[in-house]
Amino acid sequence: MENNYNETDAAIFAHKHVSFPMQQKYTTAQIEYLLDLVYEYYDAIDNDANGVDVNIVEMTSFINQNISKNFCSPIGYKELEELLNADNAYMESIGLLEPENNIDFFENEDIVSIENIIDDIYALLPQGIKDRYGMDDIFDVLCMECNYLNSIDYEGINEDEMCEYIQQNASDKDIEISIDDIKNILSVEASFLGEY
């Protein structure tokens, strides 16, 4: 039996299958709009045939850069995760995806990813830092650290240079953060990963 993806039906289904806070934040029409942006992102990165390598950080950034803010609020990466899972559940329900092929982008036992540990790291941060920065801000800071580490030779790590890199990139995302706060966040992350 061949079933077609229907954007309106997908949005109605997804709206029913996301968390209550998301249902409160977004209408069904706004969910449909966000799903359109998800598929625009897929089209923009359509380099590999499978479309399996989804970078949730890049996707969130793409959506929020292209979103019409007078139509709906920007989306956080955790909310986007919910939306993707709800969309996959819709595709399963109409037979477009087999349940065993439903990829969970956020689970891989062999990799410690920021998506899997952000809640734990955020919980360990000093209250003063949590008062100044939301979880999405901390997530962005840790992603910037990864970007810096991926751009240099392993032996060339300079903590001050890395913190300045993070501060500059955070500023580009309208996150005003001090070098001391960055060092505190990275210290908590390092301590957590040492125990992970």
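Predicted model: local features only at pLDDT ≥ 70, side-chain atom pairs only at ≥ 80, totals over all residues.
Helix H1 covers residues 7-17 and helix H5 covers residues 77-93, and their axes come within 9 Å of each other and cross at roughly 120°. Angles over 145 degrees would count as roughly antiparallel and those from 65 to 115 as roughly perpendicular, so H1 and H5 are described as oblique to each other.

If you follow the side of H1 that takes part, you will find Asp-9, Ala-10, Phe-13, Ala-14 and His-17, and these meet Leu-83, Ala-86, Asp-87, Ala-89, Tyr-90 and Ser-93 in H5. Taken together, the residues of this contact divide into 7 nonpolar, 2 polar and 2 charged.

Let me turn to the whole chain. The secondary structure comes to 10 helices and 0 strands, and of the 196 residues in the chain, 37% are buried. Among the contacts with a separation of 6 or more, 62% are between residues 24 or more positions apart.

Now, where is the confidence lowest and where is it highest among the helices? The lowest mean, 81, belongs to helix H6, residues 114-124, whereas helix H7, residues 127-132, has the highest, at 95. For the chain the mean pLDDT is 81, with 81% of the residues reaching 70 or more. Over residues 105-111, however, the pLDDT is below 50, and this stretch has 10 contacts in the model beyond its near neighbours in sequence.

Key:
Residues numbered from 1 in each chain as written. Heavy atoms only, no water. pLDDT = per-residue confidence, 0-100. Helix = DSSP H or I, 4+ residues; strand = E, 2+ residues; numbered from the N terminus. Contact = heavy atoms within 4.5 Å. Axes fitted to C-alpha atoms, helices over the stretch in contact; angles between N-to-C directions. Parallel < 35°, antiparallel > 145°, perpendicular 65-115°, else oblique. Nonpolar A, V, L, I, M, F, W, Y, C, P; charged D, E, K, R; others polar. Buried < 20%, exposed > 50% of the residue type's maximum accessible area, 1.4 Å probe, protein only.
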